[in-house]
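Thank you all for coming; I would like to walk you slowly through one structure today. Please have the sequence and the model open while I talk.

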Amino acid sequence: MVGTVGLYEPDTYMEARPTYPLEWYSKLAALTPHHNLAWDVGTGNGQAAIGVSEHYKQVIATDVNMAQLERATPHPRVRYLPTPQTMNDNELVSLIGGENSVDLITVATAVHWFDLSHFYSIVSRVLRKPGGVLAVWSYFDMAVSPEFDSLFKKFHDSLLPFWPKEVTDYVHEGYKTLSFPFESVGLGSEGNPLPLEIHKQLSLNGILKLFRSFSPVNVAKSQGLDLLSPEVVKGFENAWDGPLTSVRDVTYKAFMLAGKVRS
Ligand SMILES: C[S@@+](CC[C@H](N)C(=O)[O-])C[C@H]1O[C@@H](n2cnc3c(N)ncnc32)[C@H](O)[C@@H]1O
């Protein structure tokens with residue numbers, strides 16, 4: 001699948017990423033009549049693949065980026081497989097499990113990088129019909145406290161010129177703009193994603209690590225611009241209201257679209 005890769009520094013991203021709530025996986029699993037095979041696409045370090053594996057006999061977890069897969073967490077029911085962009089459609093379909101074989105496809109924080117029409121054509125081939133479900137989700141905004149949130153907004157605005165188009169066009173729009181030509185299963189539909197929240201206990205050090213892993217910060221840095229300058233960091237420290245290592249409840253705003261192949 002054509003798409004941009006390598007936008008996160010893998011080690012940093014792994015430490016600082018939010019964790020998707022386990023109930024998301026049980027909700028999705030409750031929608032599929034069979035639980036033999038799941039495919040987690042753009043799996044990265046494998047967190048969604050491992051979440052899904054609680055409900056399916058086997059999970060195929062694929063990514064175009066070997067650096068991500070090398071750091072993925074091993075699991076007896078998860079098979080990590082690279083899918084280089086040179087792979088043709090028939091090879092990809094048979095690698096995953098063949099036509100009509102997959103009960104659940106998940107794409108966590110990655111579908112906006114994909115060539116959507118190509119990806120959806122593969123989805124239509126491999127999803128089990130009837131019954132198979134595709135779910136895509138992502139997150140962007142975060143809420144900590146009014147003071148912190150207004151600094152985050154300023155920081156976010158300073159990053160805007162440096163984000164790739166896929167992020168500004170889709171993620172910043174909460175996937176409302178993402179084409180999603182599937183039949184609704186009650187968890188978001190095209191133009192109307194389901195709003196969700198991810199709660200995480202994070203220290204300011206953890207949050208700053210996440211910010212440092214954002215590609216625009218590094219793109220801007222390579223152009224001589226420090227978007228996380230000592231002044232910006234100081235602002236976040238003042239707004240944190242406590243030791244930088246103290247943890248607080250951080251709410252990430254997430255959004256999901258799920259659907260079946262239209263009959
Ligand atoms: C932000 S990471 C998300 C990783 C993981 N799903 C998670 O939620 O923690 C996006 C992942 O999508 C992968 N990716 C980007 N373009 C891709 C493509 N065209 N096909 C498959 N994977 C892709 C990247 O290599 C990266 O691992």
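**The annotated domain and its surroundings**

In the UniProt record, which is an unreviewed entry, the annotation "domain: Methyltransferase type" covers residues 40-135. What we are looking at is a predicted model, and in it the chain over residues 40-135 is 32% helix and 22% strand, with the end C-alpha atoms 10 Å apart.

Let me turn to a pair of helices. The axes of helix α5, residues 89-96, and helix α6, residues 116-126, come within 10 Å and cross at roughly 45 degrees, and α5 and α6 are therefore oblique to each other. Their crossing is right-handed. Where they meet, α5 contributes Asp89, Leu92, Val93 and Ile96, while α6 contributes Ile122, Arg125 and Val126; by class, that contact has 5 nonpolar, no polar and 2 charged residues.

Now some details of the backbone. Most residues other than glycine have a negative phi, and most peptide bonds are trans. The peptide bond from Lys129 to Pro130, however, is cis, with omega near 0 degrees, and Pro130 sits in the loop between α6 and β5, the latter being residues 133-143.

Thr109, in the loop between β4 (104-108) and α6, has a positive phi, near 55 degrees. Is Thr109 buried or exposed? It counts as buried, because it has 22 C-beta neighbours inside 10 Å and the cut-off for buried is 20 or more.

Asp241, in the loop between α11 (230-240) and β8 (247-260), also has a positive phi, near 65 degrees, but with 13 other C-beta atoms within 10 Å Asp241 is partly exposed.

Notes:
Residues numbered from 1 in each chain as written. Predicted model: local features only at pLDDT ≥ 70, side-chain atom pairs only at ≥ 80, totals over all residues. Axes fitted to C-alpha atoms, helices over the stretch in contact; angles between N-to-C directions. Helix = DSSP H or I, 4+ residues; strand = E, 2+ residues; numbered from the N terminus. Parallel < 35°, antiparallel > 145°, perpendicular 65-115°, else oblique. Left-handed = near helix turned anticlockwise from the far one by under 90°. Contact = placed C-beta atoms within 7 Å. Nonpolar A, V, L, I, M, F, W, Y, C, P; charged D, E, K, R; others polar. UniProt positions renumbered as here; feature names shortened; annotations may be inferred. Buried ≥ 20, exposed ≤ 12 C-beta atoms within 10 Å, placed from the backbone.
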